[in-house]
Amino acid sequence: MKSLVGVLAIAVSAQVLAEPVLVEGGQYVPVVVLDKELEQLTMPNFMLDAAPVTHAEYQTFVLAHPKWRRDTIPAIFHDGNYLKSWQTADSHAVDDADKAVTQVSWFAARAYCKAQGGRLPSLEEWEYASAQYRQQQGLTDHEYARMLFSWHTNPTTYAQLPLDPVAGKLNHMHDRVNEWVEDFQLLLTNGDDNDVLSGSCGDSARFMADFGEASYATFFRYQSRSNYRAQSTTSTLGFRCAYDVE
């Protein structure tokens, strides 16, 4: 059995690795053009958690905010499967401590981030950070697409892998869980026509900026996010928080 000192050392180490990192702003061309009149965005600086929130981190939040326990969360904030895999209403399985927390609704994820002094990232912030992560990892379009399609083929297996973050860098943006963003339900615009992204792939794909394999893989992520409801609590959907830069 680990000593208390050992457990605390692990907790401090995990906290350091999870410190938010600066995502430097710049010009960004989205893969999915949500507004035909705005094909390039100027992104400001912001901070983003280095890795998805873990079970251990979320348990600390639940203990400090009992409203978000499994047995006390209001029914309007989840679909009935909120933290279903936890051993008790306020404790996760021991082996899950350093895995990305899942079965958390959009409402709960927002509450967690607010308690940390942050917020959920916008979709464009997350995707902009994802593009920087690809450069950081040196991923080619083919490698990136292969990684995403592999995740979509068997997402549950990837969600069960522990996090192994590197301090000071973005980690695990494509190889553990899909992640909540603030504006996950998107409305695409094309002149006077509107189209909800949760429609069919063939219909919504006309909003893609190009049809390369990397862009198509990213489109899958857009599409899958829009299929959720705010109450959804799936075993493959987690989150990380963003923070404004003063």
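Residues are numbered from 1 along each chain as its sequence is written, and side-chain values use heavy atoms, with hydrogens and water left out. Because the model is predicted, local features need pLDDT of at least 70 and side-chain atom pairs count only at pLDDT 80 or more, whereas totals for chains, interfaces and linings use all residues.

**View 1. The largest cavity and its lining.** One cavity of 30 Å³ or more is found in a search of the whole structure; a cavity is a set of points on a 1 Å grid over the protein atoms alone where a 1.4 Å probe fits but cannot get out. The largest cavity holds about 90 Å³ of space, a volume being the space filled by probe spheres set on points joined across faces, edges and corners. Its lining (residues with an atom within 4 Å of a point) consists of W126, L148, W151, H152, M173, H174, V177, N178 and R221. Helix α5 (residues 141–153) gives the most to this lining, with three residues; helices are DSSP runs (H or I, at least four residues) numbered from the N terminus. Five lining residues are nonpolar, three polar and one charged, where Ala, Val, Leu, Ile, Met, Phe, Trp, Tyr, Cys and Pro count as nonpolar, Asp, Glu, Lys and Arg as charged, and the others, Gly among them, as polar.

**View 2. Packing of α5 against α8.** The axes of α5 and helix α8 (residues 213–226) lie 8 Å apart at an angle of about 30°; axes are lines fitted to C-alpha atoms, for helices over the stretch in contact, and angles run from 0 to 180 degrees between N-to-C directions. The crossing is left-handed, that is, the near helix is turned anticlockwise from the far one by less than a right angle. Contact (heavy atoms within 4.5 Å) involves residues of α5 including L148 and H152, and residues of α8 including R221. By class, eight of the contact residues are nonpolar, four polar and three charged.

**View 3. The second largest pocket.** A pocket is an open set of grid points with protein on both sides within 12 Å along at least five of seven lines. The second largest pocket contains about 210 Å³ of space. Among its 15 lining residues, V31, A131, R134, S215 and T218 are the closest to its centre. Two or more lining residues come from each of α4 (123–137), α5 and α8. The lining has six nonpolar, four polar and five charged residues.

**View 4. The contact of α2 with α3.** Helix α2 (residues 55–64) and helix α3 (residues 106–115) have axes that come within 11 Å and cross at roughly 80°. The two helices are therefore roughly perpendicular to each other, a term covering angles of 65 to 115 degrees. E57, Y58 and F61 of α2 meet A108, A111, Y112 and A115 of α3. This contact has six nonpolar, no polar and one charged residues.

Methods
Parallel < 35°, antiparallel > 145°, perpendicular 65-115°, else oblique.
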